[in-house]
Amino acid sequence: MSAREFNFDGLVGPSHNYAGLSFGNVASFSNVKSASNPKLAALQGLAKMRALASRGFGQALLPPQDRPNFRLLRSIGFTGTDAEVLARAAKESPVILACAYSASPMWTANAATVSPSADSADGRLHFTAANLNNKLHRAFEHEQSSRALRAIFKDAKHFAVHDALPGTPAFGDEGAANHTRLCKDHGSAGVEMFVYGRIEFDASASAPKKYPARQTLEASQAVARLHGLSAERTVYIQQNPDVIDQGVFHNDVIAVGNANALFYHEQAFADEAGALDQLRRAMAGVGADLNAIRVDTARVPVADAVASYLFNSQLLSKDNGKMALVIPQECQEVASVASYLDGLVAGGSVIDELIHFDLRQSMRNGGGPACLRLRVALTDAEAAAMHQGVVMTEALYHTLVAWVEKHYRDRLEPADLADPQLAIEVHNALEELSRILGLPGLYD
């Protein structure tokens, strides 16, 4: 059965800010408490969506989440009117107020793990919302992520949206950022690769020492069970603990895959040879050969890969059988990475094109092109059954640009989070957005 891959990009919300809340994310920590530009961030994201849609790639969006998260604030004792809640939180715990205003839902690679219908036992497309329980500012996201996914993929004949795993360290789940699907083509059965950072129930297993490992083996196995995945076509690979300690907080900062190609760094996995052997054997079972594109440390050190977000890129199949690599502008500004990419494209690789985007507002907060999108392979019937109001078109692009221009600030300081007017502005903007997208009640 034929299928087409859609990238669901996160639409940046009106409260986009730099709070530096994600320990282990070097870029996020580096820009803590600096001024952000929500308007520019949203426009940069929309420009990427429009450009890829115009090239014929499947492109849609996931709406931003409501901010601030008053449920979080009230659940930990900040009471009174909304204005009183904000004032007290700003006075007593500005860090928690920043958590309630977190911009991180824009990175929809963390929204869920997705298994296409070609892989699942019941022939439906499965989603499991990620619990993101490693960080307070993200641990509440799954509630709104599930709600949005169920609104967009509501036809139970075609889709199953599972609740997040239990919010305990044993089931730490960061979604598609640690999940890659490899296949012959998007409509045929594929191999689902889960990359984990630690094993909860094995004290002897290796783990990072400096930064947290956010994905557990137990969580990955649970998602595979929920999705009804075949054991023969499911592979579990441990991320290299040493690269986690170098700021590689998710696998999608050190590897990216598409169709039968795996573009990865030499130091990505704890056991590189074993990982590739597992993948090759599993892919042979679906009639595909693994095309492993290895980037040597001598060519691109891990620090340069993290600084440029080389692997936090989108790898997209083109009609000519080749692939395009969607990269942030920073890849052209890190000498080792720019040199490597020039050689890659000129050297006859399956990757024959680089597509550059200026995503500095997202990059400064710790997320590149791959963070901004959730990949969903849809058959024609599934694409017709999903909600059409989120599919990127030229008309929707212009409508959303006008919406952003109307509602977004062009400068947001940390102190602005205490301003009750900001909360009102965000609420009004999202209410209008729900009407634009045809998703009434999404923010009730």
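**A close look at one helix**

A: Start with the outward side of α14, where A395 and K406 are exposed. This is a predicted model. Helix α14 covers residues 394–407.

Now turn to the buried side. L396, Y397, L400, V401, W403, V404 and H407 are the buried residues of α14. Viewed down the helix axis, they fall within an arc of 165°, so they line one face of α14. An α-helix has 3.6 residues a turn, so residues three or four places apart point the same way.

What covers that face? The cover includes α2, β2 (58–62) and α15 (420–437).

Take α2 next. Helix α2 (residues 38–54) packs against α14 at an angle of about 175°, with the axes 10 Å apart. That makes the two helices roughly antiparallel. From α2, the contact uses K39, A42, L43, L46, A47 and R50. From α14 come E394, Y397, H398, L400, V401, V404 and E405. These contact residues divide into 8 nonpolar, 1 polar and 4 charged.

Then comes α15. The axes of α14 and α15 come within 11 Å and cross at roughly 170°. This pair, too, is therefore roughly antiparallel. Helix α14 contributes L396, T399, L400, W403, K406 and H407 to the contact. Helix α15 contributes N428, A429, L430, E432, L433, I436 and L437. By class, this contact has 8 nonpolar, 3 polar and 2 charged residues.

Definitions and conventions
Residues are numbered from 1 along each chain as its sequence is written. This is a predicted model: local features need pLDDT of at least 70, side-chain atom pairs count only at pLDDT 80 or more; totals for chains, interfaces and linings use all residues. Side-chain values use heavy atoms; hydrogens and water are left out. Axes are lines fitted to C-alpha atoms, for helices over the stretch in contact, and angles run from 0 to 180 degrees between N-to-C directions. Helices (H or I, at least four residues) and strands (E, at least two) are DSSP runs, numbered from the N terminus. Angles under 35 degrees count as roughly parallel, over 145 as roughly antiparallel, 65 to 115 as roughly perpendicular and the rest as oblique. Contact means heavy atoms within 4.5 Å. Ala, Val, Leu, Ile, Met, Phe, Trp, Tyr, Cys and Pro count as nonpolar, Asp, Glu, Lys and Arg as charged, and the others, Gly among them, as polar. Buried means under 20% relative accessible area, exposed over 50%, partly exposed in between (1.4 Å probe, protein chains only). The arc is that of the directions from the helix axis to the C-beta atoms.
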